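Here is a short briefing on one protein model. Keep the structure open while you read, and find each part as it comes up.

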Amino acid sequence: MPGTELRGPSVQSRIAPQRGRLRQAAERFQAAASDVTVGSDAWILAVGGALSGLGEAWREHVDFTEAPDGLFDELLDGSVEVAPEVDHLRRDHEVLVSAMTRARQLLASPTAGPDDTKLLASLAGISKQVEQHRRRGADLLYQVYSVDVATGD
């Protein structure tokens, strides 16, 4: 996908576009989940669409980071000391996919709606996990490259 090539003139120019797309998808997801002023059917539709968008951005993020010669390989080439944090980020990828799958199941249940506490907790958990993952990733990038990639957010 254009703008997500790993190799390029600077760390920020390679990583910032991909991080920005993930951030925007997460913001759309949070906005849809928190807009309980609409009717239940409209809310379910909006949350489902935003969750799909977040899922797409997440898949792109995982591909960008975990692909052969992807960002994780580049980070590990630069320093073996970062291996535990890279492993943690990889686990985050799996956990988030599972959380999104569970949220889709809850959205499809007959009790789904903006007053379904189990569903709301699931959606809030996804938002929190994405934010924590992005923060951990930014911290790791800063550690390895001494570049603050969050400035583009």
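In which hand does helix 2 pass helix 5 at their crossing? The crossing is left-handed. Keep in mind that this is a predicted model.

**The whole chain**

- The protein chain has five helices and zero strands. Along the sequence, its pattern reads α-α-α-α-α.
- The chain holds 153 residues, and 41% of them count as buried.
- Take the contacts in the chain with a separation of 6 or more: 67% of them come from residues 24 or more positions apart.

**Helix 2 and helix 5**

- Helix 5 covers residues 117-145. Its axis and that of helix 2 come within 13 Å and cross at roughly 30°.
- Angles under 35 degrees count as roughly parallel, so helix 2 and helix 5 are roughly parallel to each other.
- On the helix 2 side, the contact uses Trp-43, Val-47, Leu-51, Leu-54, Trp-58 and His-61. On the helix 5 side, the partners are Leu-119, Leu-120, Leu-123, Ile-126, Val-130 and His-133.
- By class, this contact between helix 2 and helix 5 has 10 nonpolar residues, two polar ones and no charged ones.

**Helix 2 and helix 4**

- Helix 2 runs over residues 40-66, and helix 4 over residues 83-107. Their axes come within 11 Å and cross at roughly 160°.
- Angles over 145 degrees count as roughly antiparallel, so helix 2 and helix 4 are roughly antiparallel to each other.
- The crossing of helix 2 and helix 4 is left-handed.
- Helix 2 brings residues including Trp-43, Gly-48, Gly-55, Val-62 and Glu-66 to this meeting. Among the residues that helix 4 brings are Arg-90, Asp-92, Leu-96, Met-100 and Ala-103.
- The residues of this contact between helix 2 and helix 4 divide into 12 nonpolar, five polar and four charged.

**Thr-65, in helix 2**

- Find Thr-65 in helix 2. Is Thr-65 buried or exposed? Its relative accessible area is 3%, so Thr-65 is buried, as the cut-off for buried is under 20%.
- Thr-65 is in contact with Gly-70, Leu-71, Phe-72 and His-93, leaving aside neighbours within four places in sequence.
- Thr-65 and Leu-89 are 24 residues apart along the chain. Their C-alpha atoms are separated by 9.5 Å.

**Two loop residues**

- Asp-69 lies in the loop between helix 2 and helix 3, which spans 71-78. Asp-69 is not a glycine, although it has a positive phi of about 65°.
- Asp-69 has 58% relative accessibility, so it counts as exposed. The cut-off for exposed is over 50%.
- Ala-112 sits in the loop between helix 4 and helix 5. With 8% relative accessibility, Ala-112 counts as buried.
- Which residues does Ala-112 touch, not counting those up to four places away in sequence? They are Ser-40, Ile-44, Leu-106, Leu-107 and Leu-119.
- Ala-112 and Asp-41 are 71 residues apart along the chain. Their C-alpha atoms are separated by 9.1 Å.

Technical notes
Residues are numbered from 1 along each chain as its sequence is written. This is a predicted model: local features need pLDDT of at least 70, side-chain atom pairs count only at pLDDT 80 or more; totals for chains, interfaces and linings use all residues. Side-chain values use heavy atoms; hydrogens and water are left out. Axes are lines fitted to C-alpha atoms, for helices over the stretch in contact, and angles run from 0 to 180 degrees between N-to-C directions. Helices (H or I, at least four residues) and strands (E, at least two) are DSSP runs, numbered from the N terminus. Angles under 35 degrees count as roughly parallel, over 145 as roughly antiparallel, 65 to 115 as roughly perpendicular and the rest as oblique. A crossing is left-handed if the near helix is turned anticlockwise from the far one by less than a right angle, and right-handed if clockwise. Contact means heavy atoms within 4.5 Å. Ala, Val, Leu, Ile, Met, Phe, Trp, Tyr, Cys and Pro count as nonpolar, Asp, Glu, Lys and Arg as charged, and the others, Gly among them, as polar. Buried means under 20% relative accessible area, exposed over 50%, partly exposed in between (1.4 Å probe, protein chains only).
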